[in-house]
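Dear colleague,

Please find below the structure that I am handing over to you. My findings follow directly after it.

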Amino acid sequence: LRLVHVQSKHAHKERLWCAVLCHRLQLPKGAIYIPAKPTDNDCWQSSYRWHLEYADLWGKKHKKAVMLCIKVGEDLGAGQLIEKEMAENLGILRIEIQAPTAAEPLNFVLSFPQVLKQVEDRFKQHGIL
């Protein structure tokens, strides 16, 4: 399995959920979709979706993608909600880890071993490690 984390420097401004369901809807009828590797000029959502959907085209061959979500606080962030729906739409394994809220950078650093242990435990649970 391959972890997917892709971040583009360009935020999407027109549609909040552009890559969840509608990333191919603008194609003419009968057109064949040939996935092009995203660039830094693409919306982060399209890039993230591409890396989930076409995991065979990057990294190790014949591996499936898995989404790792680090949840800080009680609620998912706006982007994490979009990512969650993408994973559900594609049937991708999504592992969510709760991390403590850290107001100070030092607190974040101190909590990292606890978060890493949770990640390792969940990966082992799913046969990734």
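I begin with Trp-50, which is buried because its relative accessible area is 5%; buried means under 20% relative accessible area, exposed means over 50%, and partly exposed lies in between, with a 1.4 Å probe and protein chains only. Trp-50 has its place in helix H1; helices (H or I, at least four residues) and strands (E, at least two) are DSSP runs, numbered from the N terminus. Between the C-alpha atoms of Trp-50 and Lys-37, which are 13 residues apart along the chain, the separation is 7.4 Å.

Some notes on the basis of these values are in order. This is a predicted model, in which local features need pLDDT of at least 70 and side-chain atom pairs count only at pLDDT 80 or more, while totals for chains, interfaces and linings use all residues. Residues are numbered from 1 along each chain as its sequence is written, and side-chain values use heavy atoms, with hydrogens and water left out.

Overall architecture

The protein contains three helices and three strands, and from the N terminus on these elements run β-α-β-α-β-α. Of its 129 residues, 33% count as buried. A contact means heavy atoms within 4.5 Å. Among contacts between residues at least 6 apart in sequence, 71% join residues at least 24 apart. The protein exposes about 8,800 Å², of which carbon and sulfur atoms supply 56%; accessible areas come from the Shrake-Rupley method with a 1.4 Å probe, and for residues only the protein chains shown count as cover.

How many of the residues of H1 are buried? Eight of the ten are, so H1 is largely enclosed by the rest of the structure. Among the buried residues of H1 are Gln-45, Ser-47, Arg-49, His-51 and Leu-52. Strand E2 (65-72) and H2 are included in what covers the buried residues of this helix.

Rings of Phe, Tyr and Trp (its six-membered ring) pair if their centres lie within 6.5 Å; planes under 30 degrees apart count as stacked, over 60 as edge-to-face and the rest as tilted. By this rule, there are two aromatic pairs. The ring centres of Trp-44 and Tyr-48 are 6.3 Å apart and the ring planes stand at 80°, so this pair is edge-to-face. Both residues, Trp-44 and Tyr-48, belong to helix H1 (residues 44-53) and are four residues apart, about one turn of the helix. Trp-44 counts as buried because its relative accessibility is 17%, and Tyr-48 is likewise buried, with a relative accessible area of 2%. In the pair of Trp-50 and Tyr-54, the ring centres are 6.2 Å apart and the planes are at 40°, so the pair is tilted. Trp-50 and Tyr-54 are both buried.

The β-α-β unit

E2, H2 and E3 form a right-handed β-α-β unit; a crossover is right-handed if, with the strands pointing away from the viewer, the path from the first strand over the helix to the second runs clockwise. E2 and E3 run parallel and are joined by seven bridges, where two strands pair if DSSP finds at least two bridges between them. Leu-68 has Ile-95 in E3 as its bridge partner.

Within helix H2 lies Gln-80, which is buried because its relative accessible area is 19%. Leaving aside residues up to four places away in sequence, Gln-80 touches Cys-69, Ile-70 and Lys-71. Its side chain also reaches the backbone nitrogen of Gly-77 at 2.8 Å. A polar contact is a pair of N or O atoms within 3.5 Å; within protein, one must be able to donate a hydrogen and the other to accept it, and residues adjacent in sequence count only if both atoms are side-chain atoms.

Two loop residues

Gly-91 has its place in the loop between helix H2 (78-90) and strand E3 (93-99), and counts as exposed at 65% relative accessibility. Gly-91 and Leu-52, 39 residues apart in sequence, are 10.0 Å apart in space, C-alpha to C-alpha. His-62 lies in the loop between H1 and E2 and is exposed, at 73% relative accessibility. Although His-62 is not a glycine, its phi is positive, at about 60°.

Arg-122 in helix H3

Arg-122 is found in helix H3 (residues 105-125) and counts as partly exposed, at 26% relative accessibility. Not counting residues up to four places away in sequence, Arg-122 touches Ile-95, Glu-96 and Ile-97. The side chain of Arg-122 reaches the backbone oxygen of Glu-96 at 3.2 Å.

With kind regards
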